Amino acid sequence: MEEKERFVTEITPKSEDFSRWYTDVVRRAELADYTTVKGCMVIRPYGYATWEKVQECLDRRIKETGHQNAYFPMFIPESLLKKEAEHVEGFAPQVAWVTQGGDEQLEERLAIRPTSEAIICSMYSKWVRSWRDLPILINQWVNIVRWEKETRPFLRTREFLWQEGHTVHATEKEAEEETLKILEVYRDFIENDLAIPLIAGLKTESEKFAGALKTYAVEALMTDGKALQAGTSHHLGQHFAKAFDIKFEDKDQKMKYAWQTSWGVTTRLVGAIIMTHGDDSGLILPPKVAPIHVIIIPIPAAGWQKKVLPLVKEVERRLKGIELRVQADLREVYSPGWKFSEWEMRGVPLRLEIGMKEVAEKRAVAVRRDTGAKMLISLVDLEKEIPLLLAEIQNSLFKKAKKFLQDNTHTVDDYDKFKEIIKTKGGFIYSFWCGDPQCEQKIKEETTATIRALPLKPDHVPGGCVKCGRPSAQRVYFAKAY
RNA sequence: CGGGGCGUGGCGCAGUCUGGUAGCGCACCUGCUUUGGGAGCAGGGGGUCGGAGGUUCAAAUCCUCUCGCCCCGACCA
């Protein structure tokens, strides 16, 4: 953006310092604020309203696919957490413990859930007796605690909000289908509602969830060239069923261990929205999850209360009438210019300006947050034009992000070039990998890039591993990750 | 957990090297004039300088210890 066009000056430009830009946006848009406990942020009303929209969009899809919401306790007895060996090993370093209640020392310490497999499986073991009890399709929206060493608002906090689905099935095939179905739910939701394009794929052994058979994930690319895991769906196999004794008598009258899945997305998605769409003026919210679709700014002049105000109210009423989220900023102590900047920082998709001129000409000035484009909208067309504009903004945000993802996905066969790209512009690198965890590890050490995903639909063109040259059946996606 | 940076009114900072009892911008309060890209003028309120100890006639400033936060890496959503 040209300097003369840069109206918002309270946010560090992206190009100058991306990390600082990010935290500036979080604070200036009043999404969240820091507290005295490291890694524990307050999600402020505007940030929480955005999260609520995200929740609404996903919750609807989760329910449409046959799942029900429930609530399980946040305290998990140590003995339960320890039942699945790989699981406890993976989470042990991040668990916060309750050892005392009031003055009383607890007999057994309680983990504050870092994820709920243990507590939920302990209940499933009681509830599952017959094939008739299956499948169990449960989801919960809760808070989670993981004692992270390094924290960043929304991206990595010690306490965060998420949804976690936990399902039980009679067969491996059903569990696998569920895992992939949810992956598709996430993809559809994140691409269509959050306008964030994704790469979906399978995780390598080293990147998969502790205790899972396999982990699928959707990965997004932030505008600083780093990948962000946006959602995960795990096929747990029978690992937890065996550890927690979840057995059922099948139609063939044999006792069998159940097959399970778990899957989740977190408040990190808010961070993904910020880093995918935001610009030097602050946040840009996709209309589908924006708490406010349209902000109306009256332009005061002598006698505006009599002439301008009634029109502002009328426009507000009419747009609310077609289910749009509209707000008129009637504060008289702030100038219109001040308000423009304020609502730009907060990422409201569309602004309407209404002054004496608009009253006279029976129209409104509309300004798109994503492009800054100004246009005149005839008042008679309001109910038709505004929804079209919002849909266009939603669409355009996705297209722009999609182009960025494509432009920054590099097919690379040369290891030096691999290193060069990771060091400079970042992005996804699509290269051959032999499948050896040692090569994966070496690449990570030497380049800081990790394998983000093995493609779901391999292109089956063989080649040589970018690191060791050994034969490889398939390219995979590498990137530096959050 | 390693490396770097920073703690001074609500926010951003200066003052620290060279000790002398705290200042600037924004924000806030009052009034008037204003309002089409963060309005102007006038007046005003607010900080024992992250914390503890020490040196000194005197400490934001020097010394010791400590706590916290931010950024970059290793581990994780």
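In which loop is Glu-30 found? The legend to Figure 1 gives the location. The structure is a predicted model, in which local features need pLDDT of at least 70, side-chain atom pairs count only at pLDDT 80 or more, and totals for chains, interfaces and linings use all residues. Residues are numbered from 1 along each chain as its sequence is written, chains are lettered from A and ligands numbered from 1 in the order in which they are written, and side-chain values use heavy atoms, with hydrogens and water left out.

**Figure 1. Backbone geometry at Glu-30, His-460 and the Leu-134/Pro-135 bond**. Glu-30 is found in the loop between α1 and β1 (32-34); helices (H or I, at least four residues) and strands (E, at least two) are DSSP runs, numbered from the N terminus. The phi of Glu-30 is positive, near 55 degrees. Because its relative accessibility is 27%, Glu-30 counts as partly exposed; buried means under 20% relative accessible area, exposed over 50%, and partly exposed in between (1.4 Å probe, protein chains only). His-460, in the loop between β22 and β23 (463-464), also has a positive phi near 55 degrees. At 62% relative accessibility, His-460 counts as exposed. Leu-134 and Pro-135 are joined by a cis peptide bond with omega about -5 degrees, and Pro-135 lies in the loop between α5 and β7. Most residues other than glycine have a negative phi, and most peptide bonds are trans.

Figure 2. Residues up to four places away in sequence apart, Ile-138 touches Gln-68, Ala-70, Phe-72, Tyr-124, Trp-127, Glu-164, Gly-165, His-166 and Thr-167; contact means heavy atoms within 4.5 Å. Ala-85, 53 residues from Ile-138 along the chain, has its C-alpha atom 24 Å from that of Ile-138.

**Figure 3. Helix α5 and its buried residues**. Helix α5 (residues 117-127) is largely enclosed by the rest of the structure, because 8 of its 11 residues are buried. The buried residues are Glu-117, Ala-118, Ile-119, Ile-120, Cys-121, Ser-122, Tyr-124 and Ser-125.

**Figure 4. Helix α10 and the elements that cover it**. In helix α10 (residues 336-345), 7 of the 10 residues are buried, so the helix is largely enclosed by the rest of the structure. Lys-339, Phe-340, Ser-341, Glu-342, Trp-343, Glu-344 and Met-345 are the buried residues. Their cover includes α1 (18-28), β15 (294-298), β16 (326-328) and β17 (350-354). Gly-347, with a positive phi near 75 degrees, follows α10.

Figure 5. Thr-50 lies in helix α2 (residues 45-64) and counts as buried at 1% relative accessibility. Beyond its neighbours within four places in sequence, Thr-50 is in contact with Leu-285, Val-289 and Pro-291. His-410 belongs to strand β20 (residues 409-411) and, at 11% relative accessibility, counts as buried.

Figure 6. On a 1 Å grid over the protein atoms alone, a pocket is an open set of points where a 1.4 Å probe fits, with protein on both sides within 12 Å along at least five of seven lines; lining residues have an atom within 4 Å of a point. The largest pocket holds about 1,400 Å³ of space. Of the 47 residues that line the largest pocket, Arg-146, Arg-156, Glu-207, Gln-229 and Arg-268 lie nearest its centre. The centres of domain 1 and domain 3, taken over C-alpha atoms, are separated by 27 Å, and 18 residues of domain 1 are in contact with 15 residues of domain 3.

How values were computed: Grid points are joined across faces, edges and corners, and a volume is the space filled by probe spheres set on the points. Domain bounds come from an automatic or database domain assignment.
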